[in-house]
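Dear colleague,

I am passing on a model for you to look at, and the sequence and structure are placed just below. Please read my notes with the structure open beside them.

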Amino acid sequence: EALERWPASMFGNLLPRHLELIREIDRRFLQTVLVRWPDEPERVDRMRIVTDEDHAQVRMAHLATVGSHAVNGVAALHSELIKSHLLPDFAELYPERFQNKTNGVTPRRWIKGANPELAELFDEIAGEGWARDLARVQAVEQHADDPAFLERLAGIKLRNKERLVAHLDPILGLDLDPAALFDIQIKRIHEYKRQLLAGLAVVARFLRLKDGEDLPPRVVLFGGKAAPGYVMAKHHIRFLSDVAQMIDQDPQLRGRLSMAFVPNYNVSLAERLIPAADLSEQISMAGKEASGTGNMKFAMNGALTIGTLDGANIEIRDAVGEDHFFLFGHTAAGVQALKQDYVPERFIAESPLLQRVLALIERGFFCHDDPGRYRDLVAELRHIDTWLVCADFDSYIAAQDRVDAAWQDPTGWQRSAAMNIARVHGFSSDRTIAEYARDIWNVSSVPVTLEER
């Protein structure tokens with residue numbers, strides 16, 4: 001996403017010979033460009049590796065593309081955006097280099113290690129080789145209409161939630177109900193991933209419950225870390241923590257809504273959170289997430305996804321079926337069109353619920369010690385809203401209402417969970433690595449025989 005540019009002066013001071021080599025690569029490359037497009041000097045300037053200006057910079061993505069024999073994105077949408085938006089001139093010059101390799105995750109860690117009860121179930125119905133041939137778990141779909149199987153699947157999920165609650169109790173001091181819907185968003189804290197949108201939806205749920213609406217019990221958990229200098233991301237963490245604290249202090253919401261920002265998020269904690277999740281939050285603004293892998297881990301463990309058409313969400317939805325995925329929000333193309341003349345106030349004016357949410361935050365309800373703490377956050381949403389939180393808010397709430405309705409049909413929910421488990425086998429890292437080996441590295445597998453000792 002960054003398309004790094006390094007100052008040529010700094011580069012030359014640190015690595016003078018490397019810079020000489022890069023300039024020579026650039027000179028030879030530009031000859032190729034000039035031969036292809038002799039009457040397009042502006043294209044030559046766009047494609048330079050080293051910019052031709054007083055404060056020259058080395059365009060690292062251009063250098064990488066020129067120096068590689070293959071260029072790929074890590075999800076289908078990402079690969080298309082590379083060709084259409086990030087490196088279109090290079091894709092036109094070297095169309096044979098550009099391809100797609102959708103990310104994958106290892107079932108050895110994210111099912112066999114993290115969810116041993118589910119792994120035992122797979123051993124029974126798919127054979128013990130499933131962890132190295134995940135396609136075998138398609139056998140789960142044959143049992144998707146068997147009430148006894150779905151009850152067993154639900155039991156595994158419940159016990160994973162009980163284990164998570166037992167682990168979090170001394171950390172959070174919250175009395176979480178394992179029978180509630182566990183709604184989890186764990187990932188790097190970044191504005192484009194829109195933890196803020198999920199936080200606003202929790203505030204909306206808070207208001208609706210206070211209004212007397214009968215909504216099913218829900219536990220909402222956030223986790224992740226922000227980059228050290230990312231001030232706004234840390235501001236969002238504090239906002240989520242303040243909302244969670246206020247909800248925890250309201251006896252009227254006890255057993256109906258719980259929320260927490262889980263501290264010190266890491267892989268070990270993810271191995272507890274992912275098997276316990278009922279709902280996977282994958283709500284980035286469309287066109288910004290290269291792929292994501294948390295979405296794959298959640299789906300493999302029987303969580304249903306609420307998400308935008310971004311990154312690998314698109315391929316996950318195609319694989320599991322639209323009936324087993326809660327879709328909302330603008331598409332990547334819709335985002336580009338909306339950004340041409342975006343006025344967030346228009347979307348706020350059309351959403352009475354969003355108006356109430358923003359007003360409650362703005363007046364300091366969640367920060368009595370410092371009532372103005374989040375006025376800048378609300379002002380950004382009202383007047384700029386870089387990540388289209390306001391534009392997607394009502395669609396997100398409508399999708400969450402569909403989640404609530406689906407949750408109240410336990411058999412239907414578990415059937416959707418089974419479909420997610422059975423149909424996301426293509427997101428194994430074994431498949432990804434095999435594609436790299438075949439299409440990019442040109443290497444073949446090596447048989448390994450283990451001798452018994």
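The model is predicted, so local features are reported only where pLDDT is at least 70 and side-chain atom pairs only at pLDDT 80 or more, while totals for chains, interfaces and linings use all residues. Residues are numbered from 1 along each chain as its sequence is written, and side-chain values use heavy atoms, with hydrogens and water left out.

Helices (H or I, at least four residues) and strands (E, at least two) are DSSP runs, numbered from the N terminus. Six strands form an open sheet in the order 7-6-5-8-9-10, with parallel pairing, where two strands pair if DSSP finds at least two bridges between them. Strand 7 (257-261) and strand 10 (325-327) are the edge strands, each pairing on one side only, and the twist from one strand to the next averages 20°. Within the sheet, strand 5 (residues 181-186) pairs with strand 8 (residues 279-282) in the parallel sense over two bridges, and Ile184 has Ser280 of strand 8 as its bridge partner.

Helix 9 (residues 147-172) packs on the sheet, where it touches strand 5, strand 6 (218-223) and strand 7, and its direction makes about 65° with that of strand 5; contact means heavy atoms within 4.5 Å. Angles run from 0 to 180 degrees between N-to-C directions, and axes are lines fitted to C-alpha atoms, for helices over the stretch in contact. Helix 20 (residues 410-423) lies across strand 5, strand 9 and strand 10, and runs at about 85° to strand 9.

Thr305 is found in strand 9 (residues 304-307). At 1% relative accessibility, Thr305 counts as buried, a term that means under 20% relative accessible area with a 1.4 Å probe and protein chains only, against over 50% for exposed and in between for partly exposed. Leaving out residues up to four places away in sequence, Thr305 touches Leu279, Ser280, Gln282, Phe325 and Phe326. The C-alpha atoms of Thr305 and Gln282 are separated by 6.9 Å, although the two residues are 23 residues apart along the chain.

Finally, helix 19 (residues 389-407) has 19 residues and reaches 25 Å from its first C-alpha to its last, close to the 27 Å expected at 1.5 Å a residue, the expected span being 1.5 Å times one less than the number of residues. The buried residues of helix 19 include Phe393, Tyr396, Val403 and Trp407.
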